[in-house]
Amino acid sequence: MAIATINPATGETFQTFEPHDHSEIAAKLDLAGQAFEHYRQTSLDERSHWLQKAADILEQEKVEFAKLMTLEMGKPLKAAIAETEKCALVCRYYAEQAPGFLADVPVKTDGGKSFVRYQPLGVILAVMPWNFPFWQVFRFVAPTLMAGNVGLLKHASNVPQCALAIEDIIKRAGFPQGVFQTLLIDAARVANLMADERVKAATLTGSEPAGASLAVAAGKQLKKTVLELGGSDPFIVLESADLETAVVTATTARMLNNGQSCIAAKRFIVAEAIADKFEKLLLNKFLALKVGDPMEPDTDLGPLATPDILQELNQQVQAAVASGGKILTGGQPLGDRPGNFYPPTIITDVPQDSPIAQEEFFGPVALLFRVPDIDAAIKLANATPFGLGASAWTTNAQESDRLITEIEAGSVFINSMVKSDPRLPFGGIKRSGYGRELSIQGIHEFVNVKTVWVK
C-alpha cells in the first residue's frame, strides 16, 4: 500500500509520501537511542508538564486534528472531535497518575529493606492502525513517555498526516528531541526494526496476521510484545433487559467508527422471547441512520477506510447469505456515489456453526442470532476464536453474575456498550491478543519490574 492520504469519501488522492530509506531509518534509530540515555534521567514532574502541554494542544486544536482524521480515514467529524478530546484525557490521566503507578513498592521480607522499582526499558516500537489514528497512538504515548521510555511509531500507510501531526504535537509540547518519532515505512520493514538492538519491545494494534508477524519477529529476538487484535464482540440481550435502551445502545455500538472498531458489537445474541421486538426496533434504528459526507455534522455513517475493506466486507455479506442468512436491510455497496460507502446492514438466520459466523465483520453489518436461554447465549458468545469484549443486557442479578464469570473476553460490560477508558485495563484473550493497555497495567507493560533487596 502506498503511503498516501486518499479521501475515502471521494477516492481523491491528496498527498503521497516517499517512505524513509535505510539511512533515514538508521538516523532515527540513532537519535532514539541517544534520546533515551538523556530522557530516562528526566523527572516525573518534567514528563508530566510536557504531557499536560500535549493535552493542551490537543484540546486547543481539536477541530483541525479531527478534520485530518476524517480526511484520511473517513470517520464522522463529530466522532473525530471526540477522539481528539479522549487523547487529551489519557494524557492528563497519566500525567497525574504515573507518579503513583511508578513509585517504589515496599515489600516486607527478612532483608533490611526490600522493594520493587519500575524502570524504563528504552526504545519502544508502536505499530498502529488507521481506525483510531490518534487515540490508538496516544494511549501508547502517554504511559510510555511517562515511564521514561522513548517511542517510535510505524503508523498505517493511509494515515501518514495523522502520524506526522502526532510527532509534531509531542515536539511542540516540549519533550526532548528524539523522544517520539514517526517512521514512514511499509510493514515489511518492521522485522528489521525488531532485530535492532536499540528497540527493546513493541506494541501492535491491528489484524491477526499483523500481530502474528510482529510476535514472530520479536520472539526471534526475545523481545516483549503487547498485541491488541481483532474481535467479534457479542451483544447479548436477555428477556429481562431494558429493551429500548439496549436497542439504542446496540445501534451506537455497531456503527461506532463506521463499524470499523475491534470492540464494536458485531454479533447480536437475543433471547427468543423478545427477539421479534428487538429485531423490529433495531431495523427502524438502522433505517434512520444518515449515510453521507463524514465532514457534515449530522452524518451518522461515513465511508469505509479503503476500497479493499469495502470489497472484503461485501464478500463476507454474500458468504453469509450463501450460508442461509437473510438480509433485512442493506447488503450491497452504495454504488450511487463515489467513495467506499456501505449501508447499515442486518443479517439474520446465519447458521451458528457456519464458518462465516466466526469471522469479524469490519463494517456496519450486524449479525442477529436467536437463542432460547442464557445457557445458549453464553455458549454462542464464546463460540469464536476472539475474546476482546462483550456487552450483555439483563436486570437479573444472577444472570449478570453468570455473564461476567462465564463469558470469555478481556472485558464484560453489563447494560452498557464496550468502550476503552484510561482508568481501566484494556485488552483481549484468545486470538484477540495479549497484554494490557491503559490503567496501571498499561504503564507496567514496558518497564523493568526490578526487585531490590538491601541487607
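A cavity is a set of grid points where a 1.4 Å probe fits but cannot get out, and its lining residues have an atom within 4 Å of a point. The views below show a predicted model.

**View 1. The largest cavity touches helix 5 and helix 14.** Its space comes to about 110 Å³. The lining holds 15 residues. Nearest the centre are Pro 143, Thr 144, Glu 437, Gly 442 and Phe 446. Two elements, helix 5 and helix 14 (439-444), each give two or more residues. Helix 5 gives the most, with four. By class, the lining has seven nonpolar, four polar and four charged residues.

**View 2. Helix 5 packs against helix 6.** Helix 5 spans residues 135-146 and helix 6 spans residues 160-172. Their axes come within 12 Å and cross at roughly 30 degrees. Angles under 35 degrees count as roughly parallel, so helix 5 runs roughly parallel to helix 6. The crossing of the two helices is right-handed. Helix 5 makes the contact with Val 137, Phe 138, Val 141 and Leu 145. Helix 6 answers with Ile 166, Ile 169 and Ile 170. The contact has seven nonpolar residues, no polar ones and no charged ones.

**View 3. The second largest pocket draws on helix 4, helix 5 and helix 9.** About 720 Å³ of space lies in this pocket. Of its 33 lining residues, Ala 79, Phe 132, Leu 256, Asn 257 and Met 417 are the closest to the centre. Helix 4 (77-101), helix 5 and helix 9 (243-255) each give two or more residues. The largest share, seven residues, comes from helix 4. The lining divides into 15 nonpolar, eight polar and 10 charged residues.

**View 4. The largest pocket is lined by 37 residues.** The pocket holds about 1200 Å³ of space. Trp 130, Gly 206, Ser 207, Glu 208 and Ala 210 lie nearest its centre. Helix 7 (190-195), strand 8 (199-205), helix 8 (208-220) and helix 11 (307-322) each give two or more residues to the lining. Helix 8 gives the most, with six. The split by class is 19 nonpolar, 11 polar and seven charged.

**View 5. The second largest cavity is lined in part by strand 10 and strand 15.** Its volume is about 50 Å³. Among its 13 lining residues, Pro 234, Phe 386, Gly 387, Leu 388 and Gly 389 lie nearest the centre. Strand 10 (233-237) and strand 15 (386-387) each supply at least two lining residues. Six are nonpolar, four polar and three charged in this lining.

How values were computed: Residues numbered from 1 in each chain as written. Predicted model: local features only at pLDDT ≥ 70, side-chain atom pairs only at ≥ 80, totals over all residues. Heavy atoms only, no water. Axes fitted to C-alpha atoms, helices over the stretch in contact; angles between N-to-C directions. Parallel < 35°, antiparallel > 145°, perpendicular 65-115°, else oblique. Left-handed = near helix turned anticlockwise from the far one by under 90°. Contact = heavy atoms within 4.5 Å. Nonpolar A, V, L, I, M, F, W, Y, C, P; charged D, E, K, R; others polar. 1 Å grid on protein atoms, 1.4 Å probe; cavity = no way out; pocket = protein on both sides within 12 Å on 5 of 7 lines; lining within 4 Å. Points joined across faces, edges and corners; volume = space filled by probe spheres on them.
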